[in-house]
Amino acid sequence: MNNRMRSASLALAAPLASLLLAFLLSALVLVLVGSNPLVAFGDMLEYGSRLEIVIDMLNRATPLYLSGIAAAIGFRMNLFNIGVEGQYQLAMFVAAVVGGALALPGFLHLLLILVVAMIVGGLWSGLAGLLKVTRGVNEVIGTIMLNFIAIGGIIAALIGRFRDGEISTNSGTKLIAESGWMPNLNGFVEAFTRDIKGRQLSGMLVVAVLVGIAYHLTINRSRFGFDLRASGLNPMAARSGGVPPKRMVVVAMVLSGAAAGLVGMVDLVSRYHRYDNNFSPGLGFAGIAVALLGRHHPVGVAFAALLFAFMDSSSSILQVTGSASPEIVIIMQGVILLTAVITYEYVNQIRQREETKMAALATAGGAA
Amino acid sequence: MRKQWKFLLALVAAFGLFAAACGSDGDDAADGGGDSEAAADGIGADKTVGLTFDLLGRGDQSFNDSAAAGTDKAKADFGVTVNEITPTDASARAGDLQLQAENSDLVVGVGFSFAQAAAEVAAENPDVKFAVVDDSMMNFDTGEPLAPNAAGLVFAEEQGSYLVGVAAGLKTETNVIGFIGGVSGIGLIEKFEAGFVAGVQSVNPDAEVKVDYISEFPDFAGFESPDRGKEIASAMYGEGADIIYAAAGLSGSGMFQAAADHTAAEGSKVWGIGVDSDQYNTVDPSVQEYVLTSMLKRVDNAVYNITEDVLKDNFVPGEVRYDLAAGGVDYSTTGGFIDDITGEIDEAKQAIIDGEIEVPTAP
């Protein structure tokens, strides 16, 4: 019991220590450039805790979380899916085209869009998995190449064909009919707080939570998840245990890609309802950072996504108050990531040392 | 061991890509915040303009800087306070406009990307006026403005590009001319191309115009990649082009560098044509002598005028079109490299204003 508490507190100490360290280092940077860190952080906290900005934060955290889970699925299998970026953009584009072309009654339309996005993301990612197991292409290289092909090749080549309307700025694919729009959660939030001005809390938040639960159940509570983790930890041993390694690689990549397919859905089904130049790029890469910080744990990734989203959504105020340069947020995120990895490694070493000690004690006790 | 290596790679790659993905090196975006040196007797002494830049922010030597010049002038003339914000990423646009709206009488979004966010935020803040550069802010189905308090400042870039095309057509000695667009597929830069090519051909039908775009939508890197601008320009100069027009935001600075390098290497002088701002004044002084002329897109005038309209209660929602006749686009003569042909260019200018020349808007 005591041991369990100790290991739990160790697990919590690492992220907290890295956070504290990151804040201290960022404060140091702020002092060096002549800003007052207390004022700057205070401004961010004050602005970031407004209801509207909290809604912004949740809307930002949702795709970050999905992207983090997509990366985490790969990590669990010791696969580095760097292709979330291409997977979600391609999925978003295809889902926008399909959703714009069809009109199904009510809920089915929305469901179709989400399923198409997951299938496209899964297939695109599975392609990298196939290349790995059949041709030995490292998945890092494979997914980076597929990113270029998806964004610079396929979307760029097809966008002209599916563009809605003649040459005019800011036009995208056809607007999806309202049956394909995700209902927002404003009513739910307003029941507890006050009226929300000009913001819509995306219903994708619920989907993200469901994905998180499914991730937890699959990875930690199912035979398949056990096989997956075993293959990640030691592919040879897993193989001896009867786990087909090639199939596991492809399946893990497909699942990772399916989660990636949902990343762009906040923009598509809750915000713009078409694929155009308003959507947010870069979420795929941000997700890798979030997955690393969250230690691939469903709750940890959620905290990481919320933390990064908070920093992004609250940093604008710095430009108004002038208390610091908003770029400090990017520095902070980088420092948090670095310190997190270092402290995780440090805690890992402590734990291993203790385990060795315990094992030695146990054997000594047994011998006596 | 292998796992550790992989983890390290993951970390380095993740951080690098992450920083690149959210990186926006807006130079000194913060320095406009909270200024309050209002001219005491100016009509705008108690008014605030919220200038919201496109992703690169102040210091792009072209589009954003031109908008900033407009509010700088308004600040000097009317004593208005200017709050500048550069969104840290695409999803910050709506939030930043709202933040501006809370502290401003007029919110300007610099760039068509703000159109949808501005329409939404405008509806939520009926007492604040909004203006978006490069989008008409019109609902084309109904012909009505998108919001009763939002104006769209659009420019006849093809007309200005036509004029610098005339300059290129008259000045070229090799009869090979280049056009470098930033991002194709949005329908904006194609207007520059169409006008430029038409201008060249109007005075020099024998000249060949080589056209290349740096990136295609949805990849927006073409507006902020001086390295790729330089590569393409070097290739075009290498193929015999002696004048290139770059409509590519910050990437254009690479073209001027390429012109300097090529001239130094080959001994025969080649030129670049700037865009949006008078780039003779914004480029590095070492490459000034290669700026033949610039297509001026007077974002500064448009921003200044809309500020004045708001201060004097003359604000009108919907499209405000800045063409040659309205002084919205023009060409620059700074440096004096085209002083010998300004007569012919001005003839073309007058012909466009009089409607004798219809400049195409699509290639």
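Hi everyone, let me start with a convention: a crossing of two helices is left-handed if the near helix is turned anticlockwise from the far one by less than a right angle, and right-handed if clockwise. This is a predicted model, where local features need pLDDT of at least 70, side-chain atom pairs count only at pLDDT 80 or more, and totals for chains, interfaces and linings use all residues. Residues are numbered from 1 along each chain as its sequence is written, with chains lettered from A and ligands numbered from 1 in the order in which they are written.

Now to chain B. Helix H7 (residues 226-238) and helix H8 (residues 252-266) have axes that come within 7 Å and cross at roughly 40°. Helices here are DSSP runs (H or I, at least four residues), numbered from the N terminus. Axes are lines fitted to C-alpha atoms over the stretch in contact, with angles from 0 to 180 degrees between N-to-C directions. H7(B) and H8(B) are therefore oblique, the class left after under 35 degrees (roughly parallel), over 145 (roughly antiparallel) and 65 to 115 (roughly perpendicular). Their crossing is right-handed.

Over in chain A, where does Ser280(A) sit? Friends, look in the loop between helix H12 (265-272) and helix H13 (283-293). Ser280(A) is buried, with 21 other C-beta atoms within 10 Å; buried takes 20 or more, exposed 12 or fewer, partly exposed lies in between, and C-beta atoms are placed from the backbone. Gln89(A) is 191 residues from Ser280(A) in sequence, yet their C-alpha atoms are 9.4 Å apart.

Definitions and conventions. Helix = DSSP H or I, 4+ residues; strand = E, 2+ residues; numbered from the N terminus.
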